[in-house]
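Please consult the sequence and the structure alongside the text.

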Amino acid sequence: MLFTGLTLIFVMSKLLGVIDWSWLLCFCPIIVYVIFLFFVFVIYLMKIHKEDKKFEKMIEEKLKDDCK
């Protein structure tokens with residue numbers, strides 16, 4: 001919500017001529033937020049993959065024990 005608010009303030013200021021920044025800088029808060037979400041998503045996927053490997057190992061050990 002903070003990033004959206006900042007972006008709206010920057011865009012309105014740009015449109016009203018209060019600031020003379022590039023449009024890239026005006027949309028920078030949203031770009032930073034999207035990059036942050038991407039990294040959170042990647043970390044989440046890595047965690048799921050790690051838990052999945054633990055589960056597979058546990059099942060594999062259980063199957064080996066059952067076969068004996």
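## Report on the predicted model

Phe 41 is partly exposed, at a relative accessible area of 48%; here buried means under 20% relative accessible area, exposed over 50%, and partly exposed in between, with a 1.4 Å probe and protein chains only. Phe 41 is placed in helix H3. Its C-alpha atom is separated by 27 Å from that of Ile 59, which is 18 residues away along the chain.

This is a predicted model, in which local features need pLDDT of at least 70 and side-chain atom pairs count only at pLDDT 80 or more, while totals for chains, interfaces and linings use all residues. Residues are numbered from 1 along each chain as its sequence is written, and side-chain values use heavy atoms, with hydrogens and water left out.

**Overall form.** The secondary structure consists of three helices and zero strands, where helices (H or I, at least four residues) and strands (E, at least two) are DSSP runs numbered from the N terminus. In order from the N terminus, the elements run α-α-α. The protein is more spread out than a compact globule, because its radius of gyration is 24 Å, well over the 11 Å that the globule rule gives for 68 residues. That radius is taken over C-alpha atoms, and the rule is 2.2 Å times the number of residues to the power 0.38. Along the principal axes, the C-alpha atoms fill a box of roughly 80 × 20 × 10 Å.

Of the 68 residues, 10% count as buried. The accessible surface is about 6200 Å², and carbon and sulfur atoms account for 74% of it; these areas come from the Shrake-Rupley method with a 1.4 Å probe, and for residues only the protein chains shown count as cover. There are 9 positive and 8 negative side chains, and the centres of the two sets lie 4 Å apart. Lys and Arg count as positive and Asp and Glu as negative, with His and the chain ends not counted; each charge is placed at NZ of Lys, CZ of Arg, CG of Asp or CD of Glu.

Met 1 is found in the segment before helix H1 (2–16), and Phe 3 lies in helix H1. Met 1 and Tyr 33 are 32 residues apart in sequence, and their C-alpha atoms are 10.0 Å apart. The C-alpha atoms of Phe 3 and Glu 60, which are 57 residues apart along the chain, are separated by 46 Å.

**Cysteines.** The structure holds zero disulfides, a disulfide being a pair of cysteine sulfur atoms within 2.5 Å. Cys 26 is in no disulfide, and its nearest cysteine sulfur, that of Cys 28, is 9.8 Å away. Cys 28 is likewise in no disulfide.

| Residue | Relative accessibility | Class |
|---|---|---|
| Met 1 | 84% | exposed |
| Phe 3 | 29% | partly exposed |
| Cys 26 | 0% | buried |
| Cys 28 | 31% | partly exposed |

**Confidence.** The mean pLDDT is 88, and 96% of residues reach 70 or more; pLDDT is the predictor's confidence in each residue, from 0 to 100. Confidence is highest in helix H2 (residues 23–26), at a mean of 95, and lowest in helix H3 (residues 28–67), at 85.
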